[in-house]
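Me: Got a model here that I'd like to talk through. Can you help me read the helix packing and the aromatics?

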Amino acid sequence: MKLAIEPTLTQYAALYDLPEGKRKDYFRYTMMNHFESMWTLIGVPLKAGQPGAMTF
C-alpha cells in the first residue's frame, strides 16, 4: 500500500486566496486529483457533463 501525505492546510489556504469562480476547478483538479483512479474505477467523472447531472 502506498500512502501519501498531502499538505492540506497549504492547499486550503491557496483555495481561499483564489477568486470564488476559480475555486471549484482548483478543488476538483488539485485537491481531488489524488483520488482520480478511485473515481475512474467506480465510474464517476471529476466533472459532470452538465451541471447537476447524474448518470447511472
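Me: Which residues in H1 meet which ones in H2?
Reply: From H1 there are Gln11, Tyr12, Ala14, Leu15 and Tyr16, and they meet Arg23, Tyr26, Phe27 and Met31 in H2; contact means heavy atoms within 4.5 Å. This is a predicted model, where local features need pLDDT of at least 70, side-chain atom pairs count only at pLDDT 80 or more, and totals for chains, interfaces and linings use all residues. Residues are numbered from 1 along each chain as its sequence is written, and side-chain values use heavy atoms, with hydrogens and water left out.

Me: Switching topic: how many aromatic pairs does the structure hold?
Reply: The structure holds 1 aromatic pair (ring centres within 6.5 Å). Tyr12 and Tyr16 form it, stacked, with 6.4 Å centre to centre and 25° between the planes; stacked means planes under 30 degrees apart.

Me: How far apart are Tyr12 and Tyr16 in helix H1?
Reply: They are 4 residues apart in H1, so about one helical turn separates Tyr12 and Tyr16.

Me: Is Tyr16 buried or exposed?
Reply: Tyr16 counts as exposed at 54% relative accessibility, while Tyr12 is partly exposed at 36%. Buried means under 20% relative accessible area, exposed over 50% and partly exposed in between, with a 1.4 Å probe and protein chains only.

Notes
Helix = DSSP H or I, 4+ residues; strand = E, 2+ residues; numbered from the N terminus. Phe/Tyr/Trp six-rings, centres within 6.5 Å; stacked < 30°, edge-to-face > 60°.
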